[in-house]
Amino acid sequence: MNKNETNQWIAHYRTDQPHFGLERMIELLALRGNPHLKLKVIHIGGTNGKGSTIAFLKNMLEKMGLRVGVFSSPYLVHYTDQIAINGESIPEVRLEDLMAEYRSLLEGEHAPALQGTTEFEIITALAYDYFASEQVDVAIMEVGMGGLLDSTNVCQPILTGITTIGLDHVALLGDTLEAIAEQKAGIIKLGIPLVTGNIVPEALAVIDQIAKAKQAPRLAYGDDYQVSHCESIIAGEVFDYSSSVRQGRFQTGLLGLHQIENAGMALALLDTYCQTTGQELASNDLVAQALEETSWPGRLEVVSREPLMILDGAHNSHAIKALVETLQKRFADYHKEILFTCIKTKALEDMLDLLETLPNTKVTLTHFEDSRATDEEVLKKAAHSRNLNYQSWREFLDQKLSENKEKKTVRIVTGSLYFLAQVRAYLMERKN
């Protein structure tokens, strides 16, 4: 298959809603020789913070000289970026070859048993397959949605992590923090160490109960490792880290107060990985360099300095709250112009309530072309009822990037990561 044929073929398996269940994954991977069972996997779940935590952890493991596979979603630049080894995305030709092999399985004699397979399941299986064939030292797998029935959850990890718990995908995962925590905790395995991030008590109680039942040793934020914010600088956040095996002052390469929690959790994961595998702990100098060099597209990413424009994939209420807190601290004396949209499964009104708490801020709603996007009429109605602006996102970008206001102004493009992928591609095209 060439690239166009690949895109057309995988598109047939795309769905707005996940088909939860592991039966198809188990069947599919068994036909490929169970590559997922040949890997040392670090499995990361949670509502928000997964991408940044993985980015910090990946950099530190690479600095230790390891070959690190990362599976993460959704992609922001290229489809191949979802599957990468040491920062290098899977080559197009390799992806096409693997997809051709999977197509023969899905359309051949085994088709009945694989009926209902989704795009995400195929790409997850491909990631396990690719990492096993490339013999990576460790594969970091990001949960797509939930945990218990997510397609990544067929692995037998050596280490698991749950970053945060917030109300997201409530129609699919449950409408309480406890119900969502139970789904996320589905990745916890018998006797396998678990690292948890800054999680609200009611959700943490559920996770603790499941970890205890599965005799999984747990390292908890605030108890087993601590982080404290020192200062915000242009390049990132400075923080102190402390645990029973490491103390030090570090700086993140990512902006946002919440990034010190993500970096702290990544450090706890790193040290637990070293202890689990019998390796010497990485030095503070190595850690410091890796954290400072970490970048992650679409996470408070400065795409233009004059005029100042930032992209941030705050795609649910929990993430919007973190964005609002960062903007209030870092850009307190700036006028803020926010462009926002989201997909159908998200709590639009709740997120707008949070954005409207920001003083000296003008919010503009927009729509983007994607089957998952919130309907244009719904967005226009919300804009009208709240007396907010509504504008084409391309028009907004062209206008704001050509303006030079005298007063200090920051433009923030936020909401769906699927939306940011289109924005980022447009900005790169415009720049070129």
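This is a predicted model: local features need pLDDT of at least 70, side-chain atom pairs count only at pLDDT 80 or more; totals for chains, interfaces and linings use all residues.
**View 1. Helix α11 and the elements around it.** Helix α11 covers residues 317-330. With 14 residues at 1.5 Å a residue, α11 should span 20 Å, and its end C-alpha atoms are 20 Å apart, so the two values agree. The buried residues of α11 are Ser317, Ala319, Ile320, Ala322, Leu323, Val324, Thr326, Leu327 and Arg330. These buried residues pack against the strands β9 (225-233), β10 (236-243), β13 (308-312), β14 (335-341) and β17 (409-415), and against helix α12 (348-355).

**View 2. The crossing of helices α12 and α13.** Helix α13 is made up of residues 376-386, and its axis comes within 12 Å of the axis of α12. The two axes cross at roughly 40°; α12 and α13 are therefore oblique to each other. Their crossing is right-handed. On the α12 side, the contact is made by Leu348, Glu349, Leu352 and Asp353; on the α13 side, by Val378, Leu379, Ala382 and Arg386. Of the residues in this contact, five are nonpolar and three are charged, with no polar ones.

**View 3. Tyr426 in helix α15.** Tyr426 lies in α15, which runs over residues 417-431. The relative accessible area of Tyr426 is 17%, under the 20% cut-off, so Tyr426 counts as buried. Leaving aside residues up to four places away in sequence, Tyr426 touches Trp393, Arg394, Leu397 and Asp398. Ile338 is 88 residues from Tyr426 along the chain, and the C-alpha atoms of these two residues are separated by 18 Å.

Key
Residues are numbered from 1 along each chain as its sequence is written. Side-chain values use heavy atoms; hydrogens and water are left out. Helices (H or I, at least four residues) and strands (E, at least two) are DSSP runs, numbered from the N terminus. The expected span of a helix is 1.5 Å times one less than its number of residues. Buried means under 20% relative accessible area, exposed over 50%, partly exposed in between (1.4 Å probe, protein chains only). Contact means heavy atoms within 4.5 Å. Axes are lines fitted to C-alpha atoms, for helices over the stretch in contact, and angles run from 0 to 180 degrees between N-to-C directions. Angles under 35 degrees count as roughly parallel, over 145 as roughly antiparallel, 65 to 115 as roughly perpendicular and the rest as oblique. A crossing is left-handed if the near helix is turned anticlockwise from the far one by less than a right angle, and right-handed if clockwise. Ala, Val, Leu, Ile, Met, Phe, Trp, Tyr, Cys and Pro count as nonpolar, Asp, Glu, Lys and Arg as charged, and the others, Gly among them, as polar.
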